[in-house]
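Please look over the sequence and the model shown here, and then follow the paragraphs below with both in view.

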Amino acid sequence: KSMERRLSLVKTFLTKKNIDIIAQNETIAALTLGLETSNENFQSALDETEKRLHYTGEQLACTIAKHEAANLTLENMQSKLKTSQKALCKAEAECDADKIMIENMQ
């Protein structure tokens, strides 16, 4: 009878341990699912950030190209201005020369 009692106690103990292990496994499964979901969300956010970064890079390249074009236009305008200034100086010199010639003729 004592042996049956011990076996009964062992059986009860093992059953309780088994229930504890099943509960722990369920907890681990739930945590694993949570981690997988978390990982998917993180990966999704990372993908979205990468797309935005790529788009920002394209915008930056476009802005740089516009600035380079504007700089070339500015350089071209400065060159034309210098040419115009030289032509103006030449015209003024010719005008001064004409004035002196006219004054000498009088």
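Which residues form a negative surface patch? The patch is formed by Glu92, Glu94, Asp96 and Asp98, where Asp and Glu count as negative, and a patch takes residues with over 30% relative accessible area and no salt bridge, joining like charges within 9 Å and nonpolar side chains within 5 Å. This is a predicted model, in which local features need pLDDT of at least 70 and side-chain atom pairs count only at pLDDT 80 or more, while totals for chains, interfaces and linings use all residues. Residues are numbered from 1 along each chain as its sequence is written, and side-chain values use heavy atoms, with hydrogens and water left out.

Asp98 has its place in helix α1, which covers residues 2-105 (a helix is a DSSP run of H or I with at least four residues). With a relative accessible area of 41%, Asp98 is partly exposed, a term for values between buried, under 20%, and exposed, over 50%, found with a 1.4 Å probe and protein chains only.

Phe13 also lies in helix α1, and together with Val10 and Leu14 Phe13 makes a nonpolar surface patch of about 300 Å².

Side chains of opposite charge can pair when their charged atoms come close. A search of the whole structure finds 2 salt bridges, each being a side-chain nitrogen of Lys or Arg within 4 Å of a carboxyl oxygen of Asp or Glu. Lys16 pairs with Asp20, their closest N and O atoms being 3.5 Å apart, and Glu48 pairs with Arg52 at 3.4 Å. Because Lys16 and Asp20 are 4 residues apart in helix α1, about one helical turn separates them.

Technical notes: Accessible areas come from the Shrake-Rupley method with a 1.4 Å probe; for residues, only the protein chains shown count as cover. The place of a charge is taken as NZ of Lys, CZ of Arg, CG of Asp or CD of Glu. Helices (H or I, at least four residues) and strands (E, at least two) are DSSP runs, numbered from the N terminus.
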